[in-house]
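The tour below goes stop by stop.

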Amino acid sequence: MEFRFSEDQLRLRDHVRDYLAKAHPPERLRALDAAGGRDNAIWSGLVELGLPGLLVPESNGGLGLTLLEATLIGVELGRANVSEPLADTAFVAAPWCVRKGEKSYLEGLASGDVTLALTHDINPWVADLDTAKGVIAHEEILLTRPAPKQLNSVDPLRRLFASGELDGGDDPILLDLAALTSAAQLVGAAERMLEMAADYAKTREQFGQPIGAFQAIKHHLANVALAIEFARPPLWRAAYTLDRGQGLAPLHVSVAKVAAGDAALLAAETAIQVHGAMGYTYEVDLHYWMKRAWALIGAWGDRTFHLKRVDDAVIGGTLPLGPDATFISEAPHA
Amino acid sequence: MHLAFTPEQQAFRTEVRAWMEAHAPKFRDLKTLECKEGFDAHVAWERELASGNWGMVTWPEEYGGRGLDLIRWLIFEEECYRAGAPLRANQNGIFLLGPTVMEYGTPEQRARFLTPMAKGEIMWCQAWSEPGAGSDMAAIRTKAIRDGDHYLITGQKTWSSRAAFADWCFGLFRTDPESKRHKGLSFILLPLNTPGVSVRPIRQLHGDTGFAEIFFDDVRVPVENRIAAEGEGWNVAMATAGFERGLMLRSPARFQAAAKRLVELYRANADRAAPGLRETVLKCWMDAEAYALNTYMVAASIQAGGKIGAEASLNKIFWSELDRSLHRAAMSLLGSHAELRPQTGANEWLDGYIFSLSGPIYAGSNEIQRNIVAERMLGLPR
């Protein structure tokens with residue numbers, strides 16, 4: 001039993017964080033928002049870091065790492081609000097291909113030349129369908145598809161398309177991988193929104209002092225820190241058990257996604273409140289993260305869906321409960 | 001990262017489980033720790049634990065422990081709660097003072113205080129708060145004036161849990177009468193039967209006399225009862241508070257056991273539960289899980305040489321508010337039965353709910369904890 005990341009894993013995380021802080025500042029988001037579409041320069045940078053091949057086996061040109069590293073980096077993608085289809089293609093499509101024995105796309109995925117879009121019955125949209133080489137639908141990879149019809153998302157940086165005639169299917173592995181990745185990004189978005197609100201509270205002055213000196217503001221932000229602190233451990237556990245394909249991984253993913261979504265929503269609403277009227281403007285960067293949080297909370301199983309899965313195991317099921325059951329990995333048969 | 005117990009850890013669990021199953025059942029359904037009869041029954045449990053050498057498994061063998069690591073400590077606690085074993089009468093000693101003496105005490109002090117603590121021979125209580133120093137602990141006024149190789153203590157402490165039944169107390173006293181705030185305080189231990197000490201029990205919300213005031217009237221305490229240097233008391237006390245808010249005082253097992261009972265209570269009363277309560281029950285279970293997972297992360301970090309900082313404050317807010325939510329949900333499920341006390345035994349949910357209301361207050365109120373989080377973790381101005 002050792003519930004901690006290795007020094008190597010944390011170094012990789014720090015490396016990605018430092019890179020994104022320099023290469024992917026909020027001005028980048030504003031430029032993307034103004035221009036629409038995607039930015040090849042951002043994608044090339046992510047490719048140079050090797051991120052598209054993070055989960056592709058080394059024999060296929062990837063780094064051969066695990067969902068633990070992917071989840072750590074997923075948090076960084078959420079912190080930086082990366083909108084390129086990296087999470088979907090590298091942290092969902094690639095491990096899905098590995099598990100399904102779909103080897104033909106792995107090298108292209110690792111080199112960043114190929115991206116795959118994801119369809120699933122749980123979502124009424126497909127993200128980044130127009131630029132994808134293929135689309136995972138109903139446990140297959142389709143190379144031809146109907147002309148993409150773009151949808152409007154509240155998040156100006158998401159590019160969503162109607163699934164139309166695509167039959168998504170209900171592949172549980174795809175769902176769990178994507179829900180885990182969404183949860184990671186939600187935790188990252190929550191962290192960043194908390195930082196933005198804390199920074200604002202340190203500089204904005206009213207009544208002759210920074211508003212962050214007032215207890216009302218301190219306690220609001222402490223509540224956000226609390227929600228984030230206790231959303232992280234379930235996220236890491238879900239990454240660990242899903243990586244090993246353990247029987248309780250779907251439950252762990254659901255626990256992680258509910259906690260991450262709750263933390264992100266609290267962070268968003270609190271950050272807006274702490275920013276006051278400034279928070280209600282398009283000028284302050286905050287809204288990009290808030291809208292991404294709204295989108296990801298609903299994506300890949302909304303709160304109701306995941307809470308229902310927890311319910312089915314805990315109240316309605318045979319999951320062992322109690323102090324000695326924290327690290328069991330398989331549910332007993334009824 | 002490795003999220004499974006090793007065969008050795010599992011063997012340890014089996015060993016604890018077997019011992020608990022043989023010894024804990026006759027200590028079930030004890031009276032509350034907050035009355036004399038209940039306290040004595042809990043002290044008997046402390047001695048029973050000591051008889052099996054289970055007093056404080058993480059301490060070195062020379063002090064009555066087993067020299068085990070924090071993972072085994074968590075396993076031990078899980079098995080205690082699984083077996084329905086009583087709470088620890090000496091929790092202030094073993095969880096708070098013990099680690100403090102281990103870190104700041106001299107070898108003589110460690111030998112003198114730790115072994116009897118692990119053996120359940122001396123029961124400890126805290127002496128921090130004063131009528132004028134609650135959340136603002138640096139406002140402490142009780143004086144300990146040096147007189148040769150003794151201190152003469154004069155003043156008053158309050159809200160001292162189980163002081164009416166305990167043998168010794170530990171706390172902060174002002175050894176420099178000219179000093180202000182955090183300076184000039186020292187960390188001193190003394191027996192409650194020292195001449196000049198009087199203890200006045202205070203009746204608590206639930207009707208029992210769990211806490212007490214302690215009055216000091218020229219109480220002579222030898223200088224060797226001081227932990228760390230004179231005037232260094234504040235730093236020592238902050239370390240103790242860290243133990244209290246952090247890993248030791250409230251094991252996740254406590255809340256996981258309660259969450260399990262809550263799920264069972266919900267299943268038995270599902271047909272009459274309020275619509276929103278099902279989600280509350282699930283949230284309590286998920287939060288108890290999150291707290292347990294977080295504790296295993298903290299344990300791993302400490303074993304790798306890390307320290308708990310202001311995160312301990314997040315911990316304290318989390319478990320205390322989870323405890324209240326758990327018991328509030330149970331009270332709601334019990335409906336019109338919630339208020340009733342049975343002729344024999346206890347209404348555990350009612351007593352638990354009443355006790356849970358103290359959690360957000362003791363060990364530093366949650367308002368103070370939120371200030372600490374905002375100032376030390378988020379960097380907001382003081």
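Select Ala329(B). This residue sits in helix H9 of chain B, which covers residues 311–334. The model is predicted, so treat each stop as a feature of a predicted model. Is Ala329(B) buried or exposed? Its relative accessibility is 3%, and because buried means under 20%, Ala329(B) counts as buried.

Now show what surrounds Ala329(B). Leaving out residues up to four places away in sequence, Ala329(B) touches Leu262(B), Leu277(B) and Thr280(B). Ser51(B) and Ala329(B) are 278 residues apart along the chain, and their C-alpha atoms are separated by 38 Å.

**Strand S5 of chain B**

Select residues 185–191 of chain B, which form strand S5. How many of the seven residues in S5(B) are buried? Seven of the seven are, so the strand is largely enclosed by the rest of the structure.

Colour the two faces of the strand separately. In a regular strand, side chains alternate between the two faces of the sheet. One side of S5(B) carries Leu185(B), Phe187(B), Leu189(B) and Pro191(B).

Bring in the partners of S5(B). Strand S4 of chain B, residues 168–174, runs antiparallel to S5(B), and seven bridges join them. Pick Phe170(B) and look across: Leu189(B) in S5(B) stands opposite. Then select residues 226–227 of chain B, which form strand S8. S8(B) also pairs with S5(B) in the antiparallel sense, over two bridges. Here Arg226(B) in S8(B) stands opposite Ile188(B).

**Arg162 of chain B**

Go to Arg162(B). This arginine lies in the loop between strand S3 (150–161) and S4 of chain B. At 7% relative accessibility, Arg162(B) counts as buried. Which residues does Arg162(B) touch, not counting residues up to four places away in sequence? The list is Leu33(B), Glu34(B), Phe39(B), Ala89(B), Gln91(B), Asn92(B), Cys125(B), Gly210(B) and Phe211(B).

**Zoom out to chain B**

The C-alpha trace spans about 70 × 50 × 45 Å along its principal axes. For 382 residues, a compact globule would have a radius of gyration near 21 Å; chain B has 21 Å, so the two agree.

Colour by burial. Of the 382 residues of chain B, 57% count as buried. Among contacts in chain B with a separation of 6 or more, 72% are between residues 24 or more positions apart.

Switch to a surface. Chain B exposes about 15,800 Å², and carbon and sulfur atoms supply 51% of that area. Then colour the charged side chains. Chain B has 44 positive and 46 negative ones, and the centres of the two sets lie 3 Å apart.

**Last stop: a sheet in chain A**

Move to chain A and find its open sheet of three strands, in the order S2-S6-S5 with antiparallel pairing. Strands S2 (125–127) and S5 (150–151) of chain A stand at the edges, each with a single partner strand, so one side of each is left without a neighbour in the sheet.

Select S6(A), residues 160–162. S6(A) pairs with S2(A) in the antiparallel sense over three bridges. Finish on Val126(A), whose bridge partner in S6(A) is Phe161(A).

Methods
Residues numbered from 1 in each chain as written. Chains lettered and ligands numbered in written order. Predicted model: local features only at pLDDT ≥ 70, side-chain atom pairs only at ≥ 80, totals over all residues. Heavy atoms only, no water. Rg over C-alpha atoms; globule rule 2.2 N^0.38 Å. Buried < 20%, exposed > 50% of the residue type's maximum accessible area, 1.4 Å probe, protein only. Contact = heavy atoms within 4.5 Å. Areas by Shrake-Rupley, 256 points an atom, 1.4 Å probe, with all protein chains shown as cover. Lys, Arg positive; Asp, Glu negative; His and termini not counted. Charge placed at Lys NZ, Arg CZ, Asp CG, Glu CD. Helix = DSSP H or I, 4+ residues; strand = E, 2+ residues; numbered from the N terminus. Pairing = 2+ DSSP bridges.
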